[in-house]
Number of protein chains: 2
Amino acid sequence: MSMLNETHDPALQSWVASANVAGCDFPIQNLPFASFKRKGSSEALRCGVAIGDQILDLKALAALGALQGEAQRAAEAGAQTQLNTLMGLGPQVWSALRLALSRGLRTGAAQQGVWQACLVPQAEAEFGLPARIGDYTDFYTSIYHATNIGKQFRPDNPLLPNYQWIPIGYHGRSSSIVVSGQPFKRPVGQTKAPDAAQPTVKASARMDIELELGVFIGTSNALGDPVAITEAEDHVFGLCLLNDWSARDIQPWEYQPLGPFLAKNFASHISPWIVTMEALAPYRTAFVRPEGDPQPLPYLNSAHNREAGALDIHLAVDLQTSQMRAAGDKPVQITSTNYRHAYWTVAQMVAHHTVGGCNLQPGDLLGTGTLSGPSLDQAAALIELTTGGKNPISLPNGETRTWLEDGDSIVLRGWCEKPGAARIGFGECEGTLLPARKL
Amino acid sequence: MSMLNETHDPALQSWVASANVAGCDFPIQNLPFASFKRKGSSEALRCGVAIGDQILDLKALAALGALQGEAQRAAEAGAQTQLNTLMGLGPQVWSALRLALSRGLRTGAAQQGVWQACLVPQAEAEFGLPARIGDYTDFYTSIYHATNIGKQFRPDNPLLPNYQWIPIGYHGRSSSIVVSGQPFKRPVGQTKAPDAAQPTVKASARMDIELELGVFIGTSNALGDPVAITEAEDHVFGLCLLNDWSARDIQPWEYQPLGPFLAKNFASHISPWIVTMEALAPYRTAFVRPEGDPQPLPYLNSAHNREAGALDIHLAVDLQTSQMRAAGDKPVQITSTNYRHAYWTVAQMVAHHTVGGCNLQPGDLLGTGTLSGPSLDQAAALIELTTGGKNPISLPNGETRTWLEDGDSIVLRGWCEKPGAARIGFGECEGTLLPARKL
């Protein structure tokens with residue numbers, strides 16, 4: 001379902017004029033999904049599709065009964081509060097809806113008069129979590145991140161021998177995943193300095209970001225039945241931005257032998273918008289393993305995955321401190337990277353996750369892990385950018401940062417662009433760190 | 001809410017005669033909860049309470065409108081397919097329902113004539129998962145298990161320095177938790193022998209059990225707001241049996257640095273019945289740390305927790321091989337232990353899980369971890385009982401076992417008994433291992 005088709009034509013324009021502005025994240029070639037309602041209203045959440053600076057309300061659209069067959073069925077599923085039902089309908093149905101929306105939103109579409117009433121300005125909307133996330137799994141697919149962080153936690157043994165064979169992942173916490181814009185408190189927890197006799201309980205002093213992408217599962221597999229790598233992408237609904245905040249002083253004391261726990265489960269932010277795999281089709285690219293690295297085992301290998309399994313998605317992190325906010329200074333970019341550098345693809349994550357029979361369900365979220373690129377200025381976490389807090393980042397207003405300070409706001413951004421294809425974007429994923437609770 | 005009251009009186013008898021038989025798991029002093037329907041029927045699941053060999057159907061009872069106030073409200077929540085809503089109502093409401101059920105089911109109760117129609121024989125029922133499990137966290141609260149298994153994975157460093165300070169836990173997989181009786185396939189996965197040049201993909205050859213208790217969360221805490229240890233038990237609805245099957249050959253190759261993943265997420269079984277914290281009140285007991293061990297940090301310490309935070313619950317594992325089944329031989333007990341040996345209590349698990357602000361929700365499940373006791377014959381996993389597969393267990397029919405073989409059925413049992421209190425039980429948690437899928 002990921003071939004290019006008429007919906008990808010870069011010449012397409014929409015009758016929603018804001019969608020045609022250069023640099024817009026949500027042109028007619030994108031059509032990402034979210035759950036929303038009017039800000040401050042008592043309306044129920046329902047699903048919608050971004051077009052320019054508007055949201056096409058799928059509940060309103062479904063009520064018109066203007067679509068046909070599978071597209072109408074999909075829009076009716078989109079009338080629900082979250083996307084889980086629509087996600088479970090599968091790639092043919094998603095694709096039918098995309099085609100119908102693309103045709104209805106195009107310049108000159110006969111539907112314009114009727115569909116106009118289904119638009120809600122994004123500026124007047126607030127967003128919910130796009131799906132009920134049953135399980136959240138976080139992977140570790142950047143070999144640069146694994147190596148950089150491995151050097152700090154295990155200087156003599158940075159990249160473990162399993163890394164090039166297994167898409168390493170672990171189960172995360174789904175209850176504390178929140179949508180962009182929700183502030184969160186600095187966590188409190190046990191930390192122990194290497195030379196201290198015993199641990200102490202205090203607010204984390206080493207708060208970090210992790211720039212990731214989130215992969216939303218669409219169709220499920222039954223318990224006991226693995227998903228072959230050749231089928232894996234049919235189970236994926238789309239991608240969002242994900243900030244997997246980490247408390248770097250809680251992590252080293254707690255993580256052995258069973259992995260990260262409280263260092264990660266106090267909050268994780270995702271963007272409201274999910275960009276579908278079909279929208280990303282023009283940005284598929286080859287992943288060639290570095291020479292000398294082992295080839296993936298057969299269950300993680302396919303011609304399609306080698307030739308087009310990676311995705312060319314630009315990613316950036318902006319920071320706005322409270323001092324900047326007070327002075328009216330805009331956020332500044334502190335790092336940027338690209339998803340194409342990941343060592344394991346979306347399809348490999350799905351195939352590995354299910355090889356032993358684990359069942360994935362509509363709305364499950366897989367994190368890619370921190371997406372650091374090959375050079376240090378492409379690092380996707382402060383622990384790498386500042387070499388474990390040793391080399392502060394200098395900001396234009398004279399402030400410096402090693403770790404996050406109270407009031408800091410972090411904005412993740414993601415977009416795809418290249419000659420011959422329409423630019424599409426992910427919108428933003430914002431989170432502001434509040435002071436820790438009183439101890 | 002965990003003081004002794006009239007519902008604990010060991011002299012109480014029920015008009016359901018089977019509840020009064022010596023050795024019954026479900027006397028009137030127990031009253032555990034499950035989700036059920038009539039076997040093979042198209043009925044909707046609803047919640048019920050065990051009494052003797054019967055289930056009191058809460059949906060039918062709620063429809064009678066025979067209870068008052070909070071108890072009626074609780075029964076109406078119990079009319080739903082799973083217990084999440086009832087769990088969220090809190091300890092006062094749970095207790096009001098328990099009191100009303102105890103009074104209505106007692107010998108001589110005026111309600112007998114009407115309530116009789118709300119009984120469904122357990123033999124005619126099939127069970128669902130008692131709750132929608134949003135998140136599953138597995139702890140590691142037996143210091144004996146941590147030490148035994150640590151010796152095998154890290155001979156020079158069995159018990160890590162954080163163990164006596166942190167109730168170590170990690171996030172598990174909730175989608176693959178199934179209810180007792182559902183068979184499951186032997187998982188396939190990557191394993192690597194220490195002397196092999198590269199990993200291979202094959203069916204696990206070291207399939208193990210983990211005898212645990214599951215702790216169901218009742219009332220939630222908001223994201224960012226920790227639960228104090230003195231309030232922690234008010235957030236706990238009750239306990240069930242939990243078998244956290246483990247593939248011991250997949251685990252060592254995948255678990256570094258982020259913890260167990262596919263070695264654990266192919267299936268976990270729980271008992272259908274949840275025994276409430278109030279039913280367990282007579283079996284509270286002190287936990288005294290071994291001399292010389294550090295005292296818990298203040299957020300993990302309270303007088304109540306020291307004096308009555310542990311629970312005296314007997315636990316046993318029975319095995320029936322397919323050869324035994326064919327010969328009509330009953331399952332044989334291969335190990336037994338007691339929950340009172342755990343190094344961290346239920347309240348400590350809740351207080352630690354939330355100290356950084358992580359939100360728990362009604363229906364979330366916390367595993368205690370493998371509950372091995374102080375001596376090797378109280379070990380709660382085959383990896384300990386057989387010393388990593390080196391010392392097979394001999395079965396009465398002449399068979400031996402190091403790891404599980406296809407067709408093996410494992411039954412977990414749990415019960416509480418002591419002079420001056422009614423014996424109560426957890427029922428059974430059964431799972432049968434099917435052959436791996438064809439490779």
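This is a predicted model: local features need pLDDT of at least 70, side-chain atom pairs count only at pLDDT 80 or more; totals for chains, interfaces and linings use all residues.
Residues are numbered from 1 along each chain as its sequence is written, chains are lettered from A and ligands numbered from 1 in the order written, and side-chain values use heavy atoms, without hydrogens and water.

**Interface of chain B and chain A**

- Contact (heavy atoms within 4.5 Å) links 58 residues of chain B with 58 residues of chain A.
- The two chains bury about 5,400 Å² between them, with 61% of that area on carbon and sulfur atoms; buried area is the accessible area (1.4 Å probe) lost by two parts on being put together, summed over both.
- His171(B), Leu258(B) and Phe261(B) account for 15% of the area that chain B buries against chain A, more than any other three residues.
- Six salt bridges are found across the interface of chain B and chain A, a salt bridge being a side-chain nitrogen of Lys or Arg within 4 Å of a carboxyl oxygen of Asp or Glu.
- Arg173(A) makes a salt bridge with Asp135(B), and their closest N and O atoms are 3.4 Å apart.
- On the side of chain B that touches chain A, at least two residues each come from strand E6 (136-139), strand E7 (169-172), strand E10 (188-191), H7 and helix H10 (346-354) of chain B; helices (H or I, at least four residues) and strands (E, at least two) are DSSP runs numbered from the N terminus.
- E7(B) provides the largest share of that side of chain B, with four residues.
- By residue class, the side of chain B that touches chain A holds 29 nonpolar, 21 polar and eight charged residues, where Ala, Val, Leu, Ile, Met, Phe, Trp, Tyr, Cys and Pro are nonpolar, Asp, Glu, Lys and Arg charged, and the others, Gly among them, polar.

**Domains of chain A**

- Chain A is assigned domain 1 (6-128) and domain 2 (136-434), with bounds from an automatic or database domain assignment.
- The C-alpha centres of domain 1 of chain A and domain 2 of chain A are 28 Å apart.
- Their contact involves 30 residues from domain 1 of chain A and 27 residues from domain 2 of chain A.
- Domain 1 and domain 2 of chain A bury about 2,200 Å² between them, and 67% of this lies on carbon and sulfur atoms.
- Of the area that domain 1 of chain A buries against domain 2 of chain A, 25% comes from His8(A), Met87(A) and Trp94(A), more than from any other three residues.
- Two salt bridges cross the interface of these domains of chain A.
- A salt bridge joins the side chains of Arg98(A) and Glu278(A) at 4.0 Å, N to O.
- Eleven residue pairs, both members at pLDDT 80 or more, are in polar contact across the interface of domain 1 of chain A and domain 2 of chain A.
- Strand E1 (33-38), strand E2 (46-51), helix H3 (84-87), helix H4 (91-105) and strand E5 (125-128) of chain A each give at least two residues to the side of domain 1 of chain A that touches domain 2 of chain A.
- H4(A) contributes the most to that side of domain 1 of chain A, with four residues.

**A sheet in chain B**

- Five strands of chain B form an open sheet with mixed pairing, in the order E9-E26-E25-E20-E21; two strands pair if DSSP finds at least two bridges between them.
- Strand E9 (184-185) and strand E21 (332-338) of chain B are at the edges with a single partner strand each, so one side of each has no neighbour in the sheet.
- Strand E20 (residues 314-320) of chain B pairs with E21(B) in the antiparallel sense over six bridges.
- Asp318(B) has Gln333(B) in E21(B) as its bridge partner.

**Backbone details**

- The peptide bond between Gln256(A) and Pro257(A) is cis, with omega about 5°.
- Pro257(A) sits in the loop between helix H7 (251-254) and strand E16 (268-270) of chain A.
- In chain B, a cis peptide bond runs from Gln256(B) to Pro257(B), with omega near 5°.
- Pro257(B) is in the loop between helix H7 (251-254) and strand E16 (268-270) of chain B.
- Thr387(A), a residue other than glycine, has a positive phi, near 50°.
- The loop that holds Thr387(A) lies between helix H11 (382-385) and strand E23 (393-394) of chain A.

Notes:
A polar contact is a pair of N or O atoms within 3.5 Å; within protein, one must be able to donate a hydrogen and the other to accept it, and residues adjacent in sequence count only if both atoms are side-chain atoms.
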